Amino acid sequence: APQAVAVTTGVSTKPASSAAVKPLGKLGPLTGLIIERLLVSDDVAASKFGTDSPIEDPLREAQVLEQVRRQAGAAGVDAEAAVAIFRDQITASKQVQRGLFDRWTAHPDEAPTTRPDLGQIRTRLDQLTTDLLVELKNTEPLRGKPIGCSVQLTLAEVTGAAVERLDTLHRQALRTATDSVCGANELAADGS
Ligand SMILES: O=C(O)C(=O)C[C@]1(C(=O)O)C=C[C@@H](O)C=C1
């Protein structure tokens, strides 16, 4: 039952706003949302483990990226940069899901005992897409400054991983998820 409640509120184990300390610095809010999306991946994995649903769903990935493209355009965010960052979010989600599948297969006692509803989880992911795009807009000037961005990103990642008590799997996925945060704009600018 607690897990079912967690899914309707959209957060794995606690409300997002309950973390007393948040990732620090100018990229703190963005990094907090990236971590929240990684934690929702635990719920996605729980919804699929032991079912016929594969971790990878190309049609759903295309829908996520289409939403990103559309909302980025509407918000005045560089759409190609936003898509690159969201491709990394999807890669990171699959990294978490595969890691958890491996863990739960090796240690069945750690496997989830209830199966959350994937449709509800995807609604939560769609909301996170909107929230993330707001933060991509807010951080666009900083993300264009390579050194300032990477300093802020390291600060946010280290503090975020600590306050959220991320395990190795989720820390590695966080690295994947932030790969394009400081580079995507720059590449887009270079390419034009
Ligand atoms: O919605 C799912 O089924 C997920 O696994 C989440 C997600 C995503 O990160 O948005 C990741 C992998 C899938 O290929 C599709 C989408």
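This is a predicted model: local features need pLDDT of at least 70, side-chain atom pairs count only at pLDDT 80 or more; totals for chains, interfaces and linings use all residues.
**Helix 4, the ligand shell and a helix pair**

Mentor: Helix 4 gives the most to the shell around the ligand, four residues. Helices here are DSSP runs of H or I with at least four residues, and strands are E runs of at least two, numbered from the N terminus.

Trainee: Which residues are around the ligand?

Mentor: Val44, Glu56, Asp57, Arg60, Glu61, Val64, Gln89, Ile90, Ser93, Lys94, Arg122 and Leu125.

Trainee: How do they divide into nonpolar, polar and charged?

Mentor: Four nonpolar, two polar and six charged. Ala, Val, Leu, Ile, Met, Phe, Trp, Tyr, Cys and Pro count as nonpolar, Asp, Glu, Lys and Arg as charged, and the others, Gly among them, as polar.

Trainee: Which helices supply at least two residues each?

Mentor: Helix 3 (58-75), helix 4 (79-106) and helix 5 (118-138).

Trainee: Switching topic. At what angle do helix 2 and helix 4 pack?

Mentor: About 45 degrees, with the axes 9 Å apart; helix 2 is residues 28-48. Axes are lines fitted to C-alpha atoms over the stretch in contact, and angles run from 0 to 180 degrees between N-to-C directions.

Trainee: So what do we call that arrangement of helix 2 and helix 4?

Mentor: Oblique. Under 35 degrees is roughly parallel, over 145 roughly antiparallel, 65 to 115 roughly perpendicular, and the rest oblique.

Trainee: Which residues meet there?

Mentor: From helix 2, Ile34, Arg37, Leu38, Ser41, Asp42, Val44 and Ala45; from helix 4, Gln89, Ala92, Ser93, Val96, Gln97, Leu100 and Phe101. That contact divides into eight nonpolar, four polar and two charged residues. Contact means C-beta atoms, placed from the backbone, within 7 Å.

Trainee: Leucine 100, then. Buried or exposed?

Mentor: Buried, with 23 other C-beta atoms within 10 Å. The cut-offs: buried is 20 or more, exposed is 12 or fewer, partly exposed is in between, with C-beta atoms placed from the backbone.

Trainee: What does leucine 100 touch?

Mentor: Asp42 and Ala45, not counting residues up to four places away in sequence.

Trainee: And the whole protein: how many helices and strands?

Mentor: Nine helices and zero strands. Of its 192 residues, 34% count as buried.

Key
Residues are numbered from 1 along each chain as its sequence is written. A residue is near a molecule or strand if its C-beta atom, placed from the backbone, lies within 6 Å of it. Two residues are in contact if their C-beta atoms, placed from the backbone, lie within 7 Å.
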